[in-house]
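Reader: Please take one part of this model and go through it closely. I would like the position first, then the surroundings.

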Amino acid sequence: MPQREPTSTTNLDIYDDPALPWSRAHERLKVDLVEMSTPVFLGTTRPDGRPHSAGIGALWLDDDLYFTSGPDTRKSRNLAANPSCTLSIRLQGIDLILEGEATRVTDPETLTAVARAYSEGGWPAEVDGDALTAPYSAPSAGPPPWHAYRITVHTAFGVATTEPYGATRWRFH
């Protein structure tokens, strides 16, 4: 997928810093999400409306964000009922919140690419039917196989934690 550019940018900074360019966040996503050590938290909504948050191993591949989850986990059940979600990511020099929808990925070509990228990042994932498997996963992941999800981002918020500082909202339509 080609790089998506924001359709609108809003400066949220209260200290007269300029709006942050999307390229700053985009570059950090490409660099920081290669390894599983970058903290990423998925926010979903339970069917009764209560929030749920869980740490995930997110992957940036071909300008898309992916993650995995066991089919019986709370986050997968929440996404089955309501695909709207957030990702909270602490990147080098910028905190990023992404809002969008998660869609389960089942096509063999994408699953193979996702499994390969996870393996290159240190998690030995393999395709197993319409999901992924590996010798291990996070203790909270549930048993394999694990579903793969792609996030379609419609809004992103960035707050720079290093100079140049700033706070910005980007919309993608």
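Author: D63 sits in the loop that links β4 (59–61) to β5 (64–69); strands here are DSSP runs of E with at least two residues, and helices are runs of H or I with at least four, numbered from the N terminus. The model is predicted, so local features need pLDDT of at least 70 and side-chain atom pairs count only at pLDDT 80 or more, while totals for chains, interfaces and linings use all residues. Residues are numbered from 1 along each chain as its sequence is written, and side-chain values use heavy atoms, with hydrogens and water left out.

D63 is buried, that is, under 20% relative accessible area, where exposed is over 50% and partly exposed lies in between (1.4 Å probe, protein chains only). Even so, D63 has no salt bridge, defined as a side-chain nitrogen of Lys or Arg within 4 Å of a carboxyl oxygen of Asp or Glu. K30 is the nearest side chain of opposite charge, at 6.1 Å; Lys and Arg count as positive, Asp and Glu as negative, and His and the chain ends are not counted.

What D63 does have is polar contacts through its side chain: one with the side chain of H26 at 2.6 Å, and another with the side chain of W60 at 3.5 Å. A polar contact is a pair of N or O atoms within 3.5 Å; within protein, one must be able to donate a hydrogen and the other to accept it, and residues adjacent in sequence count only if both atoms are side-chain atoms.

As for R4, this residue lies in the segment before β1 (8–11). R4 counts as partly exposed because its relative accessibility is 27%. The side chain of R4 reaches the backbone oxygen of V153 at 2.9 Å.
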